[in-house]
Amino acid sequence: HTPSITVAHEKFRAPHIYTIAVTAITILLWCIQPLISDIVGPSGIISLIPIVLLYGAGVLGKSDFESLPWNVVFLVAGGIALSLGVQQSHLLDAIIDALKMATDG
């Protein structure tokens with residue numbers, strides 16, 4: 001069952017600007033993460049920034065937290081963990097080498 005989208009007919013206010021700013025900063029940090037990884041660590045740390053800022057400022061509340069689709073959150077987290085494991089174990093390099101050998105003949 002897909003949840004319906006409610007259209008809000010309210011004026012553009014400070015929480016909207018704040019949310020856009022937090023989102024833009026998060027996206028920018030993800031884009032430059034390889035350059036600042038010594039400071040911020042992995043991209044998962046950057047993902048915590050909007051959570052802390054939006055919940056901390058009261059833009060999002062308890063009902064928002066409770067309505068999160070936790071099955072999707074865990075699926076994404078599992079995918080990220082699997083991706084990091086494949087990269088750090090060099091399994092990805094082995095798969096790439098195997099594919100190159102198979103396609104080069």
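Visitor: How many aromatic pairs does the structure hold?

Guide: The structure holds three aromatic pairs, where rings of Phe, Tyr and Trp (its six-membered ring) pair if their centres lie within 6.5 Å. This is a predicted model, in which local features need pLDDT of at least 70 and side-chain atom pairs count only at pLDDT 80 or more, while totals for chains, interfaces and linings use all residues. Residues are numbered from 1 along each chain as its sequence is written, and side-chain values use heavy atoms, with hydrogens and water left out.

Visitor: What makes Tyr55 and Phe65 an edge-to-face pair?

Guide: Their centres are 6.1 Å apart, with 85 degrees between the planes. Planes over 60 degrees apart count as edge-to-face, under 30 as stacked and the rest as tilted, so this pair is edge-to-face. Tyr55 sits in helix 3 (residues 43–56) and Phe65 in helix 4 (residues 62–66); helices are DSSP runs (H or I, at least four residues), numbered from the N terminus.

Visitor: Why is the pair of Trp70 and Phe74 called tilted?

Guide: Their planes stand at 45 degrees and their centres lie 6.3 Å apart, so the pair is tilted. Tyr55, Phe65, Trp70 and Phe74 form one aromatic cluster.

Visitor: Why is Phe74 called exposed, and what is Trp70 called?

Guide: Phe74 has 60% relative accessibility, so Phe74 counts as exposed. Trp70, at 33%, is partly exposed. The cut-offs are under 20% relative accessible area for buried, over 50% for exposed, and partly exposed in between (1.4 Å probe, protein chains only).

Visitor: How do you know whether Thr26 is buried or exposed?

Guide: Thr26, in helix 1, has a relative accessible area of 3%, so Thr26 is buried. Leaving aside neighbours within four places in sequence, Thr26 is in contact (heavy atoms within 4.5 Å) with Ile46, Ile49 and Pro50.

Visitor: What makes helix 1 roughly perpendicular to helix 2?

Guide: The axes of helix 1 (residues 14–31) and helix 2 (residues 33–40) come within 7 Å and cross at roughly 100 degrees. Axes are lines fitted to C-alpha atoms, for helices over the stretch in contact, and angles run from 0 to 180 degrees between N-to-C directions. Angles under 35 degrees count as roughly parallel, over 145 as roughly antiparallel, 65 to 115 as roughly perpendicular and the rest as oblique. That makes helix 1 roughly perpendicular to helix 2.

Visitor: Which residues make that contact?

Guide: Leu29, Trp30 and Cys31 of helix 1 meet Gln33, Pro34 and Ile36 of helix 2.

Definitions and conventions. Helices (H or I, at least four residues) and strands (E, at least two) are DSSP runs, numbered from the N terminus.
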